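Here is a short report on pockets and helix packing. Look at the model first, then read on.

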Amino acid sequence: FPKFDTSEWKKRLRLEKRVVATSINLMSERKGNDFVVAAIPEIIKTVPNFLYMIVGETHPMVLAGSGGKDIFREKLYRMVSNLGIGKHVRFIQRYVSISELVAYIGASDYYITPYNDPQQAASGGLAYAIGAGKLCISTPYLYAKEMLNDTRGVLVPFQNPMGLAGAVKRMVRYPKQKAKLEKNAYEIGRTMSWINIGHQYYHLFHKILELD
């Protein structure tokens, strides 16, 4: 990724007037999107133009286990309706292409991974967002703790809507701090590019040959 101009990507998706947070994944209960939805009434008290985009289809194994019923997504729909926040949540209910994924991340002010599993060791969406230099807000599962810590993003407690809301509001209030975290995320993201990974392998192989 180059360092994205968020405003340009927002224009492409017609989101110029919104503060955008995004989660992109194959949806399931363990991904924790419901806790972000629960945080929105608190967020919009101070960020009235906030929009949360939930991008991705439901995980096929989840559908298979429930007889084809999309139970979790239906739960989210009910939450959005009951909380009266329909203008602040948008569902993109499909498996998106790489170019679409780039566009949604590019237009995001915040990327959120509210996962419930503390042992989760990887997140493709979070890796993309870090690579794009986005402000990432996440629960402290293994991969997020390793990649974000306190200097490259914001970690919040598991299953804690108020913690999520507080993180978003704090970053909106302190744009200089947000920019610093984004810069740090982008820099660590550069080490994850293929050319840099290849460079590391090159030196690793040389060390192994020297020891042989």
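A crossing of two helices is called right-handed if the near helix is turned clockwise from the far one by less than a right angle, and left-handed if anticlockwise. The model shown here is predicted.

## Helices α2 and α8

The crossing of α2 and α8 is right-handed. Helix α2 covers residues 33-43, and helix α8 covers residues 161-173. Their axes lie 8 Å apart, at an angle of about 55 degrees. The two helices are therefore oblique to each other.

Which residues of α2 meet α8? They are Phe35, Val36, Ala38, Ala39, Glu42 and Ile43. On the α8 side, the partners are Pro161, Met162, Leu164, Ala165, Val168 and Lys169. By class, this contact of α2 with α8 has 10 nonpolar residues, two charged and no polar ones.

## Helices α8 and α9

Helix α8 also packs with α9. Here the axes are 5 Å apart and the angle is about 105 degrees. Angles of 65 to 115 degrees count as roughly perpendicular, and that makes α8 roughly perpendicular to α9.

Met171, Val172 and Arg173 make the contact from α8. From α9 come Pro175, Gln177, Lys178 and Leu181. The residues of the contact of α8 with α9 divide into four nonpolar, two charged and one polar.

## The largest pocket

How much space lies in the largest pocket? The volume is about 330 Å³. Its lining has 18 residues. Nearest the centre of the largest pocket lie Ile24, Asn25, Leu26, Tyr95 and Leu101.

Two elements give two or more residues to this lining: α5 (98-106) and α6 (124-131). The largest share comes from α6, with three residues. By class, the lining of the largest pocket holds 10 nonpolar residues, seven polar and one charged.

## The second largest pocket

The second largest pocket has a volume of about 250 Å³. Phe1, Ala127, Tyr128 and Gly131 are among its lining residues.

Helix α6 gives the most to the lining of the second largest pocket, with three residues. The residues of that lining divide into six nonpolar, three polar and one charged.

## Elements to revisit

Go back to α6 in the model. This helix gives the largest share of the lining of the largest pocket, and α6 also gives the most to the lining of the second largest pocket. Then turn to α8, which packs with α2 and with α9.

Key: Residues are numbered from 1 along each chain as its sequence is written. This is a predicted model: local features need pLDDT of at least 70, side-chain atom pairs count only at pLDDT 80 or more; totals for chains, interfaces and linings use all residues. Side-chain values use heavy atoms; hydrogens and water are left out. On a 1 Å grid over the protein atoms alone, a cavity is a set of points where a 1.4 Å probe fits but cannot get out, and a pocket is an open set with protein on both sides within 12 Å along at least five of seven lines; lining residues have an atom within 4 Å of a point. Grid points are joined across faces, edges and corners, and a volume is the space filled by probe spheres set on the points. Helices (H or I, at least four residues) and strands (E, at least two) are DSSP runs, numbered from the N terminus. Ala, Val, Leu, Ile, Met, Phe, Trp, Tyr, Cys and Pro count as nonpolar, Asp, Glu, Lys and Arg as charged, and the others, Gly among them, as polar. Axes are lines fitted to C-alpha atoms, for helices over the stretch in contact, and angles run from 0 to 180 degrees between N-to-C directions. Angles under 35 degrees count as roughly parallel, over 145 as roughly antiparallel, 65 to 115 as roughly perpendicular and the rest as oblique. Contact means heavy atoms within 4.5 Å.
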